[in-house]
Amino acid sequence: MISIYGLKKQIENQGVLTVDNINFQKGKIYSIVGHNGSGKSTLIKIIYNIENFQDGSITINDEYIDNECM
């Protein structure tokens, strides 16, 4: 399970992505839909720890993901 709460990502003081609360359950299929530039790819990059974020929390299978990229 992936849980995201209060996630915020900014680039050059512009809000690129804001997520209040999302829970992805194991075994389910989800799609992320939105206009160009709405943050879909940014969300995936944050989940995979490719990009950092400024605020909020992400847990994957009860393991906290910090906001610093490798």
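## A strand pairing

In β2, the residue that bridges to Lys8 is Thr18. Strands here (E, at least two residues) and helices (H or I, at least four) are DSSP runs, numbered from the N terminus. That bridge belongs to the pairing of β1 with strand β2 (residues 14–24), which is antiparallel and runs over nine bridges; two strands count as paired if DSSP finds at least two bridges between them.

Together, β1 and β2 make a hairpin with two residues between them. In the turn sits Glu12, with a positive phi of about 50°.

## What we're looking at

This is a predicted model, where local features need pLDDT of at least 70, side-chain atom pairs count only at pLDDT 80 or more, and totals for chains, interfaces and linings use all residues. Residues are numbered from 1 along each chain as its sequence is written, and side-chain values use heavy atoms, with hydrogens and water left out.

Lys9 and Glu51 are both buried (under 20% relative accessible area; exposed is over 50%, partly exposed in between, with a 1.4 Å probe and protein chains only).

Lys45 also forms a salt bridge with Glu51, its closest N and O atoms being 3.9 Å apart. Lys45 is partly exposed, at 36% relative accessible area. Through shared partners, the salt bridges join Lys9, Lys45 and Glu51 into one network.

Definitions and conventions:
Salt bridge = Lys/Arg side-chain N within 4 Å of Asp/Glu carboxyl O.
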